[in-house]
Amino acid sequence: MISVIVPKEYEEQQKEWIEGIKVCSSDFKFQVNFFFEENEKEKRERIENEKSYGAEILTEKELDKNGEDPFVQGYKAAEKLAKTAKKSDKKQAKKRLKVGLALYNQEDVFIYTLCEKIEGILKETGEEKQVEVITAVENARGNSQEQNRQIEFLMDQDCDVLVLNLVDTWSASQIIDRARERNIPLIFFNREPSDEDIQLWENVYYVGTDGEEIGKLQGEILADAFGTKELEIDKNQDGILQYISVEGEEGHCDSVRRTAAMLKKTGEIFSSKQVGTVSADWNREQAKENFMQLPIKQIESCEAVICNNDDMALGVLDALKERKVEDIPAIVGVNGEKEVLEKIQRREILGTVSQKSQDQAEKVVELIWKFKEKKRPEENQKIYLKGEKYQNIP
């Protein structure tokens, strides 16, 4: 693969040179990507990014404006790089692993941590196996269309495996169809596609926790606390848990499954009544901002705040402190983030359910290597890892 990275004006000024490169890529059957950057800073960043993909870089330095015909120059420059890249590829084909990671939003603390661990374990295991590991990470920032473009781009980079954390799980079937055409195995994580989609192709896996199990464990934390006199969760002593639900996304599959499972579990012990709901896109600042908008009487009537992740639990706590609410309700989150565990020890948050990012990362990497070694990873294409409760209940 060759990446041509030149100033924006070259798109119009050097059409002949560019055409020479395109013709050469067709003759030699190699992939060429063109990037026309606005300034030197963007150009430098693009060069570093493309190098991380293992691309050979071609810039305007290869163009001698006073020399021979620009078309011929473009052809010869591309030919030289193509021959070099092909020799290098033949030597390294068996000693290189290229993995593309497409994330729904790298600003999500849990996703950032999990991605960092996947890259770290891949690098460590690559050194043990004496295989060069190249990882390319794309951040969709919550934009489904942008992520589809990024996934298509990663597929074009000859990745051995793609690891996907989808913005929109409804798009999974289309992505699987495209990957199957190119024979690129897929590992989905954290955001779970449907069973029907996973079963579309044998080289597709999902790694994560079961949303229903996570919700059940949240319910157990609340059930344990409700029956503990020292915590006085049932403030009005009516035998009913009044709660506010803080969802990641309204109607999101994981949000719905976690909340439903939590209510089913608590329903075995006591009745509950939802007195409010907030949608905060899995984000701490948004959770704080939206929770601040609730009427103070609604907050004071609530005995628990059940959050779909730890970031939002922290945002709720921030809002309660800023509004100087003295009797803070029982807050429950999901993920097992370090800051939340500290808040649990200080009895500011009731509990959380860890999704064990280390275990998830290790399982993802295990599947990657099995795909690389042409082995059938596991019979069950959906791999659920157990969550773990952390709570401050005496």
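User: Hi! Quick one to start: how many helices and strands are in the protein?
Analyst: Hello! The protein has 15 helices and 15 strands. Keep in mind that this is a predicted model.

User: Thanks. What does the C-alpha trace span along its principal axes?
Analyst: The C-alpha trace covers about 90 × 45 × 35 Å along those axes.

User: And what share of the residues is buried?
Analyst: Of the 394 residues in the protein, 52% are buried.

User: What about contacts: what share comes from residues 24 or more positions apart?
Analyst: That share is 74%, counted among contacts with a separation of 6 or more.

User: Switching to charge. How many positive and negative side chains are there?
Analyst: There are 59 positive and 79 negative side chains, and the centres of these two sets are 4 Å apart. Side chains of opposite charge can pair when their charged atoms come close. In this model, the salt bridges number 32.

User: Nice, let's go through a few. Which side chain meets Lys 41 in a salt bridge?
Analyst: Lys 41 pairs with Glu 45, at 2.7 Å from N to O.

User: Why are those two separated by about one helical turn?
Analyst: Because Glu 45 and Lys 41 are four residues apart in helix α3, which runs over residues 40–52. Glu 45 is partly exposed, with 43% relative accessibility.

User: Which residue does Lys 382 bridge to?
Analyst: Lys 382 forms a salt bridge with Asp 195, and their closest N and O atoms are 2.6 Å apart. This pair joins distant parts of the chain: Lys 382 sits in strand β14 (residues 382–384) and Asp 195 in helix α8 (residues 195–198), 187 residues apart.

User: Is Lys 382 buried or exposed?
Analyst: Lys 382 is buried, at 11% relative accessibility.

User: Which residues are linked in a network of salt bridges?
Analyst: Glu 152, Asp 156, Arg 178 and Arg 182 are linked that way.

User: Okay, rings now. How many aromatic pairs does the structure hold?
Analyst: It holds four aromatic pairs. One of them is Phe 34 with Phe 36, which is stacked, at 6.2 Å centre to centre and 5° between the planes.

User: And Tyr 206 with Tyr 384: why is that pair edge-to-face?
Analyst: Their planes are at 70°, so the pair is edge-to-face, with the ring centres 6.2 Å apart; the cut-off for that label is over 60 degrees. Tyr 206 is in strand β8 (residues 204–208) and Tyr 384 in strand β14, 178 residues apart, so this pair too links distant parts of the chain.

User: How do those two tyrosines sit for burial?
Analyst: Tyr 206 is buried, with a relative accessible area of 1%. Tyr 384 is partly exposed at 35% relative accessibility.

User: Backbone question: what is phi of Asp 158 near?
Analyst: Phi there is near 60°, a positive value in a residue other than glycine. Asp 158 is in the loop between α6 (144–156) and β6 (161–164), and is exposed, with a relative accessible area of 56%.

User: And where is Arg 347 found?
Analyst: Arg 347 is in the loop between α14 (338–345) and β13 (351–354). Its phi is near 60° too, positive although the residue is not glycine. Arg 347 is exposed, with a relative accessible area of 51%.

User: Last one: what does Asn 33 touch?
Analyst: Leaving out residues up to four places away in sequence, Asn 33 touches Met 1, Ile 2, Ser 3, Val 4, Phe 153 and Gln 157. Asn 33 lies in strand β2 (residues 32–37) and is buried, with a relative accessible area of 15%.

Note on methods. Residues numbered from 1 in each chain as written. Predicted model: local features only at pLDDT ≥ 70, side-chain atom pairs only at ≥ 80, totals over all residues. Heavy atoms only, no water. Buried < 20%, exposed > 50% of the residue type's maximum accessible area, 1.4 Å probe, protein only. Contact = heavy atoms within 4.5 Å. Lys, Arg positive; Asp, Glu negative; His and termini not counted. Charge placed at Lys NZ, Arg CZ, Asp CG, Glu CD. Salt bridge = Lys/Arg side-chain N within 4 Å of Asp/Glu carboxyl O. Phe/Tyr/Trp six-rings, centres within 6.5 Å; stacked < 30°, edge-to-face > 60°.
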